[in-house]
Amino acid sequence: MKTKSITSAQLAELQNCLQRINDILGLSITISDAHATHRSSACPRKRTTPRVTTATFTYRWLTTHPNHITTLYQYLLRAKWIAADTTPDDFLAIFSGETTNCKIRWISKKTHLVYLFRLLTDRQYISTPKGIGRWMIVGNHFVDTHHCPFAFLNSQRIPVKAQPAIEQLAELLNIANH
């Protein structure tokens with residue numbers, strides 16, 4: 001039997017089709033590019049292939065106080081921690097509990113992102129769908145300044161200098177303080 005090889009472009013198209021099918025079915029998958037010989041991405045090669053998900057966090061008081069998400073969005077924009085081209089709808093989608101493919105460009109330090117989401121989940125202001133971890137969701141919906149996904153989120157330390165500011169940002173989602 002003769003084997004047939006495919007080009008990088010064909011592989012990328014197959015991966016896109018597979019991702020769309022899994023998005024429709026609501027599945028999270030791992031896409032492996034082990035057979036690819038060419039990487040068109042500007043991101044450095046990671047040691048592991050990230051798991052892909054379109055799942056998002058669910059804000060505890062989304063139905064009664066969605067304006068708290070908007071307030072957090074505005075503070076992050078003013079602090080220049082998220083890119084200026086981030087739309088309010090994309091930011092809200094990350095906390096909607098619905099599936100989305102949106103990406104938020106995080107332009108601050110990775111440790112700030114990690115500590116913020118650690119606080120939000122530990123304080124139970126946001127929750128994750130069953131079977132999906134917080135770092136998987138963050139890694140799939142936040143990218144760095146070069147549009148590359150974040151990796152190794154669970155190994156970040158608490159940013160000592162920014163700790164009080166991040167704790168105040170997290171408290172913006174607590175309705176008991178407003």
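Q: Leaving aside neighbours within four places in sequence, which residues is Leu 62 in contact with?
A: In this predicted model, Leu 62 is in contact with Leu 92, Phe 95 and Ser 96, once neighbours within four places in sequence are set aside.

Q: And where is the place of Leu 62?
A: Leu 62 lies in the loop between β3 (58-59) and α2.

Q: Why does Leu 62 count as partly exposed?
A: Its relative accessibility is 22%. Buried means under 20% and exposed means over 50%, so a value in between counts as partly exposed.

Q: What separates the C-alpha atoms of Leu 62 and Tyr 125?
A: They are separated by 9.9 Å, although the two residues are 63 residues apart along the chain.

Q: Back to Phe 95. What does it touch, not counting residues up to four places away in sequence?
A: On that count, Phe 95 touches Phe 57, Thr 58, Tyr 59, Leu 62, Ile 69, Leu 72, Phe 117, Leu 120, Ile 126 and Leu 173.

Q: How many residues has the largest nonpolar core, and which have the most contacts inside it?
A: The largest nonpolar core has 40 residues, and Phe 95 and Phe 117 are those with the most contacts inside it. The elements that contribute two or more residues to this core are α2 (67-78), α3 (88-93), α4, α5 and α6 (163-171).

Q: Which element gives the largest share of this core?
A: Helix α4 does, with 7 residues.

Q: Turning to packing, at what angle do α4 and α5 pack?
A: Helix α4 (residues 110-122) and helix α5 (residues 134-141) pack at about 135 degrees, and their axes are 11 Å apart. The two helices are therefore oblique to each other, and α4 passes α5 in a right-handed crossing.

Q: Which residues make that contact?
A: From α4 they are Leu 113, Val 114, Phe 117, Arg 118, Thr 121 and Asp 122; from α5 they are Arg 134, Trp 135 and Val 138. By class, the contact of α4 with α5 has 5 nonpolar, 1 polar and 3 charged residues.

Q: What about α4 and α6: how do their axes cross?
A: The axes of α4 and α6 come within 9 Å and cross at roughly 45 degrees. These helices are therefore oblique to each other, and α4 passes α6 in a right-handed crossing.

Q: Which residues meet there?
A: His 112, Tyr 115, Leu 116, Leu 119 and Leu 120 in α4 meet Gln 163, Ile 166, Glu 167, Leu 169 and Ala 170 in α6. The residues of the contact of α4 with α6 comprise 7 nonpolar, 2 polar and 1 charged.

Definitions and conventions
Residues are numbered from 1 along each chain as its sequence is written. This is a predicted model: local features need pLDDT of at least 70, side-chain atom pairs count only at pLDDT 80 or more; totals for chains, interfaces and linings use all residues. Side-chain values use heavy atoms; hydrogens and water are left out. Axes are lines fitted to C-alpha atoms, for helices over the stretch in contact, and angles run from 0 to 180 degrees between N-to-C directions. Helices (H or I, at least four residues) and strands (E, at least two) are DSSP runs, numbered from the N terminus. Angles under 35 degrees count as roughly parallel, over 145 as roughly antiparallel, 65 to 115 as roughly perpendicular and the rest as oblique. A crossing is left-handed if the near helix is turned anticlockwise from the far one by less than a right angle, and right-handed if clockwise. Contact means heavy atoms within 4.5 Å. Ala, Val, Leu, Ile, Met, Phe, Trp, Tyr, Cys and Pro count as nonpolar, Asp, Glu, Lys and Arg as charged, and the others, Gly among them, as polar. A nonpolar core is a set of buried Ala, Val, Leu, Ile, Met, Phe, Trp, Tyr and Cys residues joined through side-chain atoms within 4.5 Å. Buried means under 20% relative accessible area, exposed over 50%, partly exposed in between (1.4 Å probe, protein chains only).
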